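Dear colleague,

I am passing on a structure for you to look through, and my notes on it follow below. Please read them beside the coordinates.

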Amino acid sequence: MTTSTDNNPVHPMGADAQPQGPLQGFKVLDVSIMAAGPWTGALLGMLGAEVIKVEPPDGDGTRWVEPTQMGMGTNFLCMNVNKKGITLDFKSPQGIEHAKALVAQSDIFIQNFRVGVIERLGLDYDSVKKINPRIIYCAISGFGEVGPLSKAGCADYIMQAYSGFARTNGPPGETLEAFRFTGFLDLTTASVATEAVLAAVLEREITGEGQKVEVSMLEAAYEIQATRMAEILGAKECPEPMGSQSRGLVPDRAYPSLDKEIFVTAHNDEEWGRFCLAMEQPQLQQDPRFDTNAHRVAHREELDQLLMPIFAKRPALWWLRTFERHRVAAGLAHQFETFRYHQQVTENHMIEQVHTQDWGSVSVGGLPWHFSGTPCRITPAPRPGEHTQTVLGGLPS
Amino acid sequence: MSALQSIRMVELAQGVAAPLATLRMHDLGAKVIKLEEDAGDWLRQVEPQMPGQTMSAAFFELNRGKLSVKLSDHPGNAAAQLRHLLRDADVFVTDKTDAQLGDLGFAKPEDSLLLLNPKLIFVQITPWGDQGPWKDKPGSELTAQAMAGYTRYLSREALPACRLGADVAGAGSGIFAAQAILAALIARRRNHQQGQKISISLLNSLLSMKSIHLAAQTNPDHYSGPRVGGANYPPEKGWMTKDEPIFFAFGGSVGAQGRPGWVKFIEEAGFNRLLDDKRFDPIGRNSTGYGAKVQELKAEYEREFSRYSGEELVEMIRKYAGNAATYQSPAASIRHPQTTALEVVREVHAKDGQRHEVRAYPARFSNMKLTPTGVAPELGEHTQVVMNEFQDPTV
């Protein structure tokens, strides 16, 4: 097996590799399934913690979720990097005892069972902290642990609907469009959970005390919509779909050119001035309809009527080079095959190939942060129960 | 007690990513000094503004509780101010490129910053990464979404592009930056007070968050279904009911085996003709929600769903262990009783007594009771105070 690292992009390494990163020395017990919980464990593993993923005897459901690659769900392959894998049967007393023994050795515990289930297993926070008072207990739920929907099931696309996320996407005049399935809000939840766990770990470094951390998909969905939620709370305006345009900035949209769309943004009046020069329309800069962002937002349709015929005269690549010369943010739309080998993506390790023993090579998202002093790396997901004997064999008898 | 009570952060950044990261550090107890140049953070000018004020609603939310210092218009003085503030800081978060930091007196920024302050955690957030041919190229939320292929999974190839309405590149990078700061602070406590540099980029964040799609498209056994359908799929708008669209799935996930609960739901709703339709597969992997046959079977569902309201269907589906929700507006969602129960929306108070609604820290801790505080500063509001506190000779 091989894996990748910031310092050494590809070298022989498997799921047994010694963790490295700022969390080196920390142990995580991850009994979560599907995506939001597992990617929390994966992020902590990427940060250098030793993560033990516990699966039921019939495996995490993502092993069968389509699409598969050489028979293994690709969801499983990407959501469980940087982990050791063990199998425990929580329906048996022995399985629960093993889990509790592992809890005693862990710094962080991650679970995303529906509210009520974890109590029946005896792995709720009150039970776990009796075993290990220093543990950081991360409970991930769909709608939170209190309230009328606390026991309702959830998943990414449900939260896209519930949280309003889908209601801000789509062409102007439409009412909604969901982001076709990336599990985006699952991963957002994992990201927020990781942040909160790290805050609790830091607190423990100071006080010596563990605590429970509750994270819901709902609150995470609001966090990723931070600016849109601010408009509702601060300006009493509800955002709506605007195609490629943004509500607050003009120009900031895709313009059709002679051949395809060019995506352009001017963040402030200085960039607006350079945008006007790039468009060879210097007179627009001081036009009172367009001289401030507030005026441009108020007159966005007039401005677009002026700009559209100009964009239409030249191809997107011409505009791209022109905006680059004038230091205005501009770009083209890409897709997997055009960005996966793009020099900017590869040089910054934004996508990594992990080479598994049984399921071939798979592309996963690269490390989201690059630490100069405590570099991290990505290792492949474990085979089913690959480390059960090693891990359980190391428990005190 | 909160984790960052003795931590001082300096932010020289605009927009969404860095300000969101430092906002959350403020919520955790850190002191955040926001440095601004010229006309200030561009987010100040973004619409909509708060009623009766010249303050962007987004700027207010992301910058409450921070101290604003306006850097000198004279480059030499600005560099001296920055140097002075960073000498004893714990964390420096910036969206400046290496070249721009060089203009502020920090050539080879990582080396020079850590030489100035060896314990400093230096977080650099760029659009495209700090290596490669685009390391100095300007970028934005929109251009990052387009580059990361996000626009491919909205709209349809022949139609005008759509972006995600949420600023996912900025907010996602902000969350990753917050993680990185906390992880580096933990490492610093255990590692003889050593600081380090952390690189984050909008594009990197979006691609990391797209891991499911990347893996799905590597070499799938079957090239079908919503994860790999890409631009060939029509826009996804759920299933229409008598009054509003809903989303639903049995079995808990895309492609999971949801047939048992689905059968009970179908029987209660009186959609029995679907039970005999062979396109609804026997284990429910492809047909009881957002499976591979979602487009083929959509019309069949909608014919039956037209007899019920969205809320009625959601209630029935949940009764049989399915997942479902109506498509709410963000405004309806944040005022929903469930959101209220979680106390997501709180109030902060301005000096004049005016109250402002903001969102609380997006997680809750059993030991740390976090309460949002502070309002957003005017440009340069705290310049004198901060520079006096740190005895800056240039002021």
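Domain bounds here come from an automatic or database domain assignment. On that basis chain B is divided into domain 1 (8–208 + 342–389) and domain 2 (239–326), and the centres of these two domains of chain B, taken over C-alpha atoms, are 43 Å apart.

This is a predicted model, in which local features need pLDDT of at least 70 and side-chain atom pairs count only at pLDDT 80 or more, whereas totals for chains, interfaces and linings use all residues. Residues are numbered from 1 along each chain as its sequence is written, with chains lettered from A and ligands numbered from 1 in the order in which they are written.

Between the chains, 141 residues of chain B are in contact with 139 residues of chain A, contact being C-beta atoms, placed from the backbone, within 7 Å. H7(B) gives the most to the side of chain B that touches chain A, with 15 residues; helices (H or I, at least four residues) and strands (E, at least two) are DSSP runs, numbered from the N terminus.

Strand E10 (residues 211–216) of chain A pairs with strand E12 (residues 364–365) of chain B in the antiparallel sense over two bridges, where pairing requires that DSSP finds at least two bridges; within E12(B), Arg364(B) is the bridge partner of Glu214(A).

Finally, leaving aside neighbours within four places in sequence, Ala177(B) is in contact with Ala17(B), Ala18(B), Ala21(B), Val93(B), Val123(B), Ile125(B) and Ile200(B).

With best wishes

Note on methods. Contact = placed C-beta atoms within 7 Å.
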